[in-house]
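Okay, everyone, thanks for coming.

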Amino acid sequence: VKYSDDEGELIYFAYGEIGADGKPVEGNSLVVATTRIETMLGDVAIAVHPEDERYQHLVGKVFPHPLRDDLTITVIADDYVDMEFGTGAVKITPAHDPNDFAMGQRHDLPMIDIMDATAHIANTGTRF
């Protein structure tokens, strides 16, 4: 595998409860920013910095996965997270990113492989 950092566009989305108005419910949802939206089918956690007061009350909370009935998303605290980047909350897909992999090992997170040998999305139990 050849890995390289590339500039990308940040996409924002919420995990957790969405209100009738279509907006995240404060205190019961968490908005993340990512350049790799396509890997969200393998997300298993959201990481926040342990010193980030905005999110301390959410550490340990478990959200349902928005697209997969077989997965949940746990909020974890890790000092790798840059509080100033995006929303300060990062989706974690350990099987598809080297930094997420290291965090997954530190927090004993499952490694959900969502791509086949040709790099196509596969085996997710969804229509995607």
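This is a predicted model: local features need pLDDT of at least 70, side-chain atom pairs count only at pLDDT 80 or more; totals for chains, interfaces and linings use all residues.

Ala119 sits in the segment after H1, and its phi is near 70 degrees, a positive value in a residue other than glycine.

At 70% relative accessibility, Asp108 counts as exposed.

Now the sheet. What is the strand order in the open sheet of four strands? Reading across, you get E4-E5-E3-E6, with mixed pairing. The edges are E4, residues 62–64, and E6, residues 89–92; each has a single partner strand, so one side of each has no neighbour in the sheet. From one strand to the next, the twist averages 25 degrees.

Let's take the pairings. E4 and E5, which covers residues 72–77, run antiparallel and are joined by three bridges. In that pairing, Phe63 has Ile73 as its bridge partner in E5, and Pro64 has Thr72. E3 and E5, on the other hand, run parallel, with four bridges between them.

As a reminder, strands of a sheet pair through backbone hydrogen bonds, either parallel or antiparallel.

On to helix H1, residues 98–107. Which of its residues are buried? Asp100, Met103 and Gly104. Looking down the axis of H1, those buried residues fall within an arc of 105 degrees, so they line one face of the helix. And what covers them? The cover includes E3, which is residues 45–48, along with E5 and E6. At the start of H1, a side-chain oxygen of Asp97 comes to within 2.9 Å of the backbone nitrogen of Asn99.

Next, the cores. The largest nonpolar core has 13 residues, and Tyr15, Leu30, Ile46, Phe63 and Ala89 touch the most other members. Strands E1 (11–18), E2 (24–34), E3 and E5 each supply at least two residues of this core. Apart from it lies another core, of 12 residues, including Leu41, Ala47, Ile76 and Ile112.

Leaving aside neighbours within four places in sequence, Phe63 is in contact with Tyr15, Gly16, Asn28, Ser29, Leu30, Ile46, Thr72, Ile73 and Val75.

Last stop: Thr87, in the loop between E5 and E6. Is Thr87 buried or exposed? With a relative accessible area of 13%, Thr87 is buried; the cut-off there is under 20%. The side chain of Thr87 reaches the backbone oxygen of Val31 at 2.7 Å. Not counting residues up to four places away in sequence, Thr87 touches Tyr12, Val31, Val32, Ala33, Arg54 and Tyr55.

That's my tour, so over to you.

Terms used:
Residues are numbered from 1 along each chain as its sequence is written. Side-chain values use heavy atoms; hydrogens and water are left out. Two strands pair if DSSP finds at least two bridges between them. Axes are lines fitted to C-alpha atoms, for helices over the stretch in contact, and angles run from 0 to 180 degrees between N-to-C directions. Buried means under 20% relative accessible area, exposed over 50%, partly exposed in between (1.4 Å probe, protein chains only). The arc is that of the directions from the helix axis to the C-beta atoms. Contact means heavy atoms within 4.5 Å. A polar contact is a pair of N or O atoms within 3.5 Å; within protein, one must be able to donate a hydrogen and the other to accept it, and residues adjacent in sequence count only if both atoms are side-chain atoms. A nonpolar core is a set of buried Ala, Val, Leu, Ile, Met, Phe, Trp, Tyr and Cys residues joined through side-chain atoms within 4.5 Å.
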